[in-house]
Amino acid sequence: MKARKSVSSPDRLSSWKQEVSTAFSHLSKAQLLGLVFWSVGIALTGSGGISQISALLAQVLNQKEGTVFQRLREWYLEVGQKRGDHRRELDVTSCFGPLLSWIIRLWAGSERRIALALDATTLGERWTVLAVCVVIRGCSIPVAWKVIGAHAKGSWRPYWEGLLEHLQGRIPPDWQVVVLADRGLYAGWLFEAIVKKGWHPFLRINLGVKARAVGEDDFDWISRWVPTPGTRWQGVVECFAGKKSRLVCTLLMHWQEGYEDAWAILTDLAPEAANVAWYRLRTWVECGFKDLKRGGFGWHHEKMQDAGRVERLWLAMAVAMVWMVSLGVEAVSQSPSACPEQLPEQHIARKRMNGSSSQPPVRRLSCVQRGRLVLLAALLHAEDLPIGRLLPEKWPETILPPRKLPPPSQRRQKERQREHKRRQKKAARQRLAAA
C-alpha cells in the first residue's frame, strides 16, 4: 500500500513559502519557516492558539505534536529563552516596512490611493496595542504595532512616531495616502508628523473647539457651522484658539441625519480635494480588531505575559491576514453582482432593494473568513494553496444614515440633552465674562 502523500510536500506549500520569503527576505531561514508554519496554521484553523496550530501541523508534517509545539513556541521566544547556540531573536519592527511593501505589491487595479487607520485596542487589563492598519473592503491589516501594558503611564507620542517612521518610504510617492484617526488620538504633533511624510492627515476632533474661517477676526465654536442635522460645511480655518495649538488647515463638517452629532475632520488637503465621507473608512479598523479577537483568531484568549512575544504573535496573525484578506477580496470581486431590479416587483429581494437603495449590500462574511474558506476549498480539491490580490473598492462619497434609526422619543430626549448642554455652556461663558 502506497503511503499517503503529505500535505506539507514542497509542491503544496512552495507557493506560500516563496511568497513569505520574497516579502521578508531579510529574515533567517528558521525565522521564515516559523512564520510560514504559524501563518498557515492560523489561516487553516482560524485561530491564533498554539495548541490548535501545533495539533494541525503535527498531522500535516507527520511529526510529534510536542516537537511542533516547541518549534512554534521558540519562534516567538526571546533569544535567551531558546535552545541551541545559534538562535536569533526576531525583531518585529524590521518586518513593518516589508509588510507594507508586500501589501503594495499585491495591490491590483488602477487605484493609487490607500488609507491607513491609527487606533488602539486592548486585551482586558493586560495589554494595549497601538496599531497602524491598512483598511480595505471592510477589513484592516496591521502593518505596524506596539504592545504596552494596559496601565502603563506616559505619552504614546514616541510610539506613534516610531511606528510611522518604520513605514516611511514604503508607499510610492505618486500615491495618495490618507491617515485616519478618531477623536481620542488627535494631537497637533500627529498632524504635523503625517504631513512631513508626504501623507494627508484625516483626523476627527471634538466639537468643543474654536476656529475662525478666512476673513474672520474672532474665534468661535465650530458647532455654529453645523447647528442641526442635515447641515454641512467645509473651508480653510485657523483651528484652536490657543496660540501653541493653533493650526491652519481644512475643516470638513457634516451632521448626517440619525447621528448624535456632526463629524468634524481636520486635513491638509484643499476643501475641494477632500470628502468628509472618507472618514467612514476608519470604522473598518474596528472590524479588523474583531477579526483578531472574538470574530476570528481568538487572540483575546491568549495568556502571554511578555509584550515582545505578543508583538511576534501579531506578526504571524498579520501575515495570515494578508493572505486571507487577499483571497477573500479576490473571491468577492469575481463573484457576480446581484441584480434584484431584474426580479418581479413583488419579490422580497426587490422590496428590500427599494427600501434601502442608498445602503450598500450587507457583508454576510468578512473577507478574512471568506479567504479562509477559499483555502479550505483548495485543500479539498487537492490544489496548491493559492495567493490572492488586493482589489480596493471605490472610496465612499456620501455619509449614509444608520441602518436603524433610534425611535422618535429617544431622538427627542437626546435633543433635549444637547439643548441642556448648550444652555449650560452659554451660562458658563456669561459667568466667566462677568467675572
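**Figure 1. Overview of the chain.** Helices (H or I, at least four residues) and strands (E, at least two) are DSSP runs, numbered from the N terminus. By that rule, the protein chain has 12 helices and 10 strands. The model is predicted: local features need pLDDT of at least 70, side-chain atom pairs count only at pLDDT 80 or more, and totals for chains, interfaces and linings use all residues. Residues are numbered from 1 along each chain as its sequence is written, and side-chain values use heavy atoms, with hydrogens and water left out. Buried means under 20% relative accessible area, exposed over 50%, and partly exposed in between (1.4 Å probe, protein chains only). Of the 435 residues in the protein chain, 47% are buried. Contact means heavy atoms within 4.5 Å. Among contacts between residues at least 6 apart in sequence, 64% join residues at least 24 apart.

Figure 2. On a 1 Å grid over the protein atoms alone, a pocket is an open set of points with protein on both sides within 12 Å along at least five of seven lines. A cavity is a set of points where a 1.4 Å probe fits but cannot get out. Lining residues have an atom within 4 Å of a point. Grid points are joined across faces, edges and corners, and a volume is the space filled by probe spheres set on the points. The second largest pocket has a volume of about 700 Å³. Its lining counts 21 residues; Leu-207, Ser-223, Arg-418, Arg-422 and Lys-425 lie nearest the centre. Helix α12 (residues 408-434) gives the most to this lining, with 9 residues. For residue classes, Ala, Val, Leu, Ile, Met, Phe, Trp, Tyr, Cys and Pro count as nonpolar, Asp, Glu, Lys and Arg as charged, and the others, Gly among them, as polar. The pocket lining has 5 nonpolar, 4 polar and 12 charged residues.

**Figure 3. Ser-223 at the pocket.** Ser-223 is one of the residues nearest the centre of the second largest pocket. It sits in the loop between β7 (220-221) and β8 (232-239). With a relative accessible area of 32%, Ser-223 is partly exposed.

**Figure 4. The largest cavity.** The structure holds 1 cavity of 30 Å³ or more. About 90 Å³ of space lies in the largest cavity. It is lined by 14 residues, and Val-135, Ile-136, Pro-392, Glu-393 and Trp-395 lie nearest its centre. Strands β1 (113-123) and β2 (127-136) each supply at least two lining residues. The largest share, 3 residues, comes from β1. By class, this lining has 9 nonpolar, no polar and 5 charged residues.

Figure 5. Side chains of opposite charge can pair when their charged atoms come close. A salt bridge is a side-chain nitrogen of Lys or Arg within 4 Å of a carboxyl oxygen of Asp or Glu. The count comes to 18 salt bridges. One of them joins the side chains of Glu-78 and Arg-312 (3.9 Å, N to O). Glu-78 lies in the loop between α4 (65-76) and α5 (96-106) and Arg-312 in helix α9, so the pair ties together parts 234 residues apart in sequence. Glu-78 is buried at 18% relative accessible area. Arg-312 is buried too, at 4%.

**Figure 6. Glu-238 and Arg-212.** These two form a salt bridge, with the closest N and O atoms 2.9 Å apart. Glu-238 lies in strand β8 and Arg-212 in strand β6 (residues 210-213), so the pair ties together parts 26 residues apart in sequence. Glu-238 is partly exposed, with a relative accessible area of 25%. Arg-212 is buried, at 18%.

**Figure 7. Arg-389 and Glu-330.** The closest N and O atoms of this salt bridge are 3.0 Å apart. The pair links distant parts of the chain, 59 residues apart: Arg-389 is in the loop between α11 (367-380) and α12, and Glu-330 is in helix α9. Arg-389 is partly exposed at 39% relative accessibility. Glu-330 is buried at 16%. Elsewhere, salt bridges that share partners join Glu-78, Glu-89, Arg-309 and Arg-312 into one network.

**Figure 8. Lys-293, a buried charge.** Lys-293 lies in the loop between α8 (284-292) and α9 (307-334). Lys and Arg count as positive and Asp and Glu as negative; His and the chain ends are not counted. Lys-293 is buried yet has no salt bridge. The nearest side chain of opposite charge, Asp-119, is 9.9 Å away. Leaving aside neighbours within four places in sequence, Lys-293 is in contact with Thr-121, Thr-122, Gly-298, Trp-299 and His-300.
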